[in-house]
Amino acid sequence: IWQSGQKTVADYSVGQNGVKIAVNGYGDVGYSLPAFAYDGESETNIISSDNKLEIFYNGWVCRYTAERGKITDIGITSANRNGHYRIFAIQGKNTVKIKIEIERA
């Protein structure tokens, strides 16, 4: 709950066709989207647009599709024990919705 008394709520649903996330709030809302970029030996192929982010790796694709909101590259790369991740976000007014799918490329 924000100081103004407004709430931000995230809803998650998991199904056969992937994961859906909806974030509802007051004003500008967003949700971070990690894009796997490097595994220590090889780089992924990352393709992004306003409504789609695709990460191709080892014969697979992880696809983020904006159902409401705009996907932007934050311009940050982070590292953890599994590799490097480029940070993207979905941003919008009051609500953002994203669908996540992983399938063979």
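Which residues does isoleucine 98 touch, not counting residues up to four places away in sequence?

Figure 1. From the N terminus on, the elements run β-β-β-β-β-β-β, where helices (H or I, at least four residues) and strands (E, at least two) are DSSP runs numbered from the N terminus. The C-alpha atoms fill a box of roughly 45 × 30 × 25 Å, taken along the principal axes. Buried residues make up 32% of the 105 residues; buried means under 20% relative accessible area, exposed means over 50%, and partly exposed lies in between (1.4 Å probe, protein chains only). The protein exposes about 6,900 Å², of which carbon and sulfur atoms supply 46%, with accessible areas taken from the Shrake-Rupley method with a 1.4 Å probe and, for residues, only the protein chains shown counting as cover. Among contacts (heavy atoms within 4.5 Å) between residues at least 6 apart in sequence, 51% join residues at least 24 apart. Residues are numbered from 1 along each chain as its sequence is written, and side-chain values use heavy atoms, with hydrogens and water left out. Because this is a predicted model, local features need pLDDT of at least 70 and side-chain atom pairs count only at pLDDT 80 or more, whereas totals for chains, interfaces and linings use all residues.

**Figure 2. Isoleucine 98 and the largest nonpolar core.** Not counting residues up to four places away in sequence, isoleucine 98 touches Val19, Lys20, Ile21, Leu33, Tyr64, Thr65, Ala66, Glu67, Ile71 and Ile90. Isoleucine 98 is one of the six residues, with Leu33, Leu53, Ile55, Tyr64 and Ile71, that touch the most other members of this 19-residue core. A nonpolar core is a set of buried Ala, Val, Leu, Ile, Met, Phe, Trp, Tyr and Cys residues joined through side-chain atoms within 4.5 Å. Strands E2, E4, E5 (60-68) and E7 each supply at least two residues of the core, and the largest share, seven residues, comes from E2.

**Figure 3. An aromatic cluster formed by Phe36, Tyr57 and Tyr85.** A search of the whole structure finds three aromatic pairs; rings of Phe, Tyr and Trp (its six-membered ring) pair if their centres lie within 6.5 Å, and planes under 30 degrees apart count as stacked, over 60 as edge-to-face and the rest as tilted. The rings of phenylalanine 36 and tyrosine 57 have centres 5.1 Å apart and planes at 90°, so this pair is edge-to-face. Phenylalanine 36 lies in strand E2 (residues 18-38) and tyrosine 57 in strand E4 (residues 52-57), so the pair ties together parts that are 21 residues apart in sequence. Phenylalanine 36 also forms a tilted pair with tyrosine 85, at 5.3 Å centre to centre and 55° between the planes. Tyrosine 85 belongs to strand E7 (residues 83-104), so its pairing with phenylalanine 36 of strand E2 ties together parts that are 49 residues apart in sequence. Phenylalanine 36 is buried, with a relative accessible area of 18%, whereas tyrosine 57 is partly exposed at 27% and tyrosine 85 is partly exposed at 21%.

**Figure 4. The salt-bridge network of Glu54, Arg63 and Glu103.** Side chains of opposite charge can pair when their charged atoms come close. A salt bridge is a side-chain nitrogen of Lys or Arg within 4 Å of a carboxyl oxygen of Asp or Glu, and a search of the whole structure finds six. Arginine 63 forms one with glutamate 54, the closest N and O atoms being 2.7 Å apart, and both of these residues are buried. Arginine 63 also meets glutamate 103 in a salt bridge (2.9 Å, N to O). Arginine 63 lies in strand E5 and glutamate 103 in strand E7, so this pair ties together parts that are 40 residues apart in sequence. Arginine 63 has a relative accessible area of 15%, while glutamate 103 counts as partly exposed at 33%.

**Figure 5. The hairpin of strands E1 and E2.** Strand E1 (residues 9-15) runs antiparallel to E2 and is joined to E2 by seven bridges, and two residues lie between the strands. Two strands pair if DSSP finds at least two bridges between them. The bridge partner of tyrosine 12 in E2 is isoleucine 21.
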